[in-house]
Amino acid sequence: MDITGLLLSKTGYIDDLMSNLAENAPVSSTVMPQLRAERVRCGLRDRVLGIASNSTEKHWQAVLLTTGAGVIETADETIQLEAPCLAWLPWRPDRRIRIRAGGVGFHLSVGEEVVAGSIGTNPESVDLRILVDRRIIASLEDDADVIQDSAHAFDLVVRELHRPRNGSWNMVAAQIRTVMVLLWRLSGIEDVALRTQGEPSRI
């Protein structure tokens, strides 16, 4: 399917999301210290993405890259990221995510309490609970709608952390769950496969 026109029509929408607040620096919540959210605009230099406070605890990371490239680095492997893509990364203390100069997107770092609250207790929560402990890197080249939906979810988390109000926790949890469900759909991994200890997924 030719989605060039669709992608171009979404460009203005995503640009608006990226600039609708003056605050583009990483923000962590005092109410939810296990959560950090940020818009990513790298400019002329590479940028290493940080995690939420208390780096000794487990944290999961989600990255939406809408423009540019990046790299996931660990002691034993290097994985390239090419926009547009959506990535979910379970905890590894030696992991580093670096977005190349010119890269644009969003980043979340989420602790165990936030992950558990976002998964919830609905029927599909069993599959999400399995999914979150797998590395998922999904290309969004053929799905402009998912780019828009993902950008909206990430952006709403950033805005809620910048301006916490009544119900912010529920709003944030709902958006993180949206990202999880999008990854679940994109992965195409059957429940049986998810329950195995096979290779991480790259779509």
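How many of the 5 residues of strand β5 (residues 69-73) are buried? I found that 5 of the 5 are, so β5 is largely enclosed by the rest of the structure. Helices (H or I, at least four residues) and strands (E, at least two) are DSSP runs, numbered from the N terminus.

Ground rules before I go on. This is a predicted model, where local features need pLDDT of at least 70 and side-chain atom pairs count only at pLDDT 80 or more, while totals for chains, interfaces and linings use all residues. Residues are numbered from 1 along each chain as its sequence is written, and side-chain values use heavy atoms, with hydrogens and water left out.

**Entry: the overall picture**

I looked up the secondary structure and got 6 helices and 11 strands. The protein has 203 residues, and 49% of them count as buried. Next came contacts, meaning heavy atoms within 4.5 Å. Taking contacts with a separation of 6 or more, 73% are between residues 24 or more positions apart.

**Entry: back to β5**

I checked which way the side chains go. In a regular strand they alternate between the two faces of the sheet. Here Ala 69, Val 71 and Glu 73 point one way from β5, Gly 70 and Ile 72 point the other way, and all are buried.

Then I looked for partners; two strands pair if DSSP finds at least two bridges between them. β5 runs antiparallel to strand β6 (residues 78-82), with 5 bridges joining them. Glu 73 has Thr 78 of β6 as its bridge partner, and the hairpin that joins β5 to β6 goes through 4 residues. β5 also runs antiparallel to strand β8 (residues 96-99), this time with 4 bridges. Over there, Gly 70 is partnered with Ile 99.

I found 7 bridges between β2 and strand β9 (residues 104-111), in the antiparallel sense. Arg 39 stands opposite Phe 106 in β9.

Phe 106 made me look for ring pairs. Rings of Phe, Tyr and Trp (its six-membered ring) pair if their centres lie within 6.5 Å; planes under 30 degrees apart are stacked, over 60 edge-to-face, and the rest tilted. I got 1 aromatic pair. The ring centres of Phe 106 and Phe 154 are 5.9 Å apart and the planes are at 35 degrees, so the pair is tilted. It links distant parts of the chain, since Phe 106 is in β9 and Phe 154 is in helix α4 (residues 144-162), 48 residues apart. Phe 106 is buried at 1% relative accessible area, and Phe 154 is buried at 0%.

**Entry: helix α5**

The 20 residues of α5 (residues 168-187) should span 28 Å, and the end C-alpha atoms are 29 Å apart, which agrees. Its buried residues include Val 172, Ile 176, Val 179 and Leu 183. After α5 comes Gly 188, with a positive phi near 65 degrees.

**Entry: cysteines**

I counted 0 disulfides (pairs of cysteine sulfur atoms within 2.5 Å). Cys 42 is buried at 10% relative accessible area, and Cys 85 is buried at 3%.

Definitions and conventions
Buried < 20%, exposed > 50% of the residue type's maximum accessible area, 1.4 Å probe, protein only. Expected span 1.5 Å × (residues − 1).
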